[in-house]
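Please look over the structure below with its two kinds of interface in mind. A short report on the contacts follows it.

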Amino acid sequence: MMTFIPPRLRKPTGVAVAGALFAAAWLVRGGPLWWVSILAVIAAAVRAISLYRAGGKDTDEGALAGSRADERQQLLSLRSRALACNLAVAAAFIGLTAAIAVNAAWWWPFAVILAVAGFGYLLGLSTYGVAEEGAADDASAGHEARSAAS
Amino acid sequence: MKNRVREQRTQQGLSQAELAAALGVSRQTVISIESGRYLPSLPLAFAIARFFDLTVDKMFDPEDEEAVR
């Protein structure tokens, strides 16, 4: 989807777009806190620039920021994201449990996070082929071999 | 798992950066493979072995079977 963007600009562009959307949400909301949108734009710009600068460094972080990671760096990123997801799920579970215990009305965002994480996990199992089970060809080969011998 | 990447690279007078460029990986990955902290994928293991004109089993020695999972 982002292949038309040079690799070093991909992550900074994503951050800039996310920051612009967040700022737009504050502007649409209106009210006395409209100025938060300016802070959001500034924060996103600073983060995008720092990502772009990091993308030029000869480090693992630089390779990830510059979208030019090799297999080990991709694995590093994958493990880090899995850890982040596990921590988010644990935090959501704690939040949901606490919300239920105090009979709060804000329990549902935690339930949504848990549901989305569970759906994502099942989608991952389905997408990456866990369900693709074929017949064990060694069993049939062994049967044919025995048949031929007898 | 032991490997002979560092030995072969120094024998050929290559730097880690030069080997990394030849293999299409980062210098940090070559360092990790040489130190045994990272086990390369099968395609990369073959690429390394071919680069040094060796077979994979000559390049990588599974002396520690516990490490092979």
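The text describes a predicted model, taking the contact inside chain A before the contact between the chains.

**Within chain A**

Chain A is assigned two domains, domain 1 (1-69) and domain 2 (70-129). Six residues of domain 1 of chain A and seven residues of domain 2 of chain A make up the contact. The centres of these domains, taken over C-alpha atoms, lie 23 Å apart. Of the area that domain 1 of chain A buries against domain 2 of chain A, 91% comes from A:Asp60, A:Leu64 and A:Ala69, more than from any other three residues. A:Asp60 also forms a salt bridge with A:Arg72, and the rule finds one salt bridge across this interface. Three residue pairs are in polar contact between the two domains. The side of domain 1 of chain A that touches domain 2 of chain A has three nonpolar, one polar and two charged residues.

**Between chains A and B**

Here the contact takes eight residues from chain A and 10 residues from chain B. One salt bridge is found across the interface; A:Asp58 forms a salt bridge with B:Arg27. Eight residue pairs are in polar contact between chain A and chain B. On the side of chain A that touches chain B, helix α4 (residues 71-101) of chain A gives the most, with four residues. By class, that side has one nonpolar, two polar and five charged residues.

**Buried area**

| Interface | Buried area | Share on carbon and sulfur atoms |
|---|---|---|
| Domain 1 of chain A and domain 2 of chain A | about 440 Å² | 54% |
| Chain A and chain B | about 700 Å² | 39% |

Notes: Residues numbered from 1 in each chain as written. Chains lettered and ligands numbered in written order. Predicted model: local features only at pLDDT ≥ 70, side-chain atom pairs only at ≥ 80, totals over all residues. Heavy atoms only, no water. Domains from an automatic or database assignment. Contact = heavy atoms within 4.5 Å. Buried area = accessible area lost by both parts, 1.4 Å probe. Salt bridge = Lys/Arg side-chain N within 4 Å of Asp/Glu carboxyl O. Polar contact = N/O pair within 3.5 Å; in protein donor to acceptor, adjacent residues only side chain to side chain. Nonpolar A, V, L, I, M, F, W, Y, C, P; charged D, E, K, R; others polar. Helix = DSSP H or I, 4+ residues; strand = E, 2+ residues; numbered from the N terminus.
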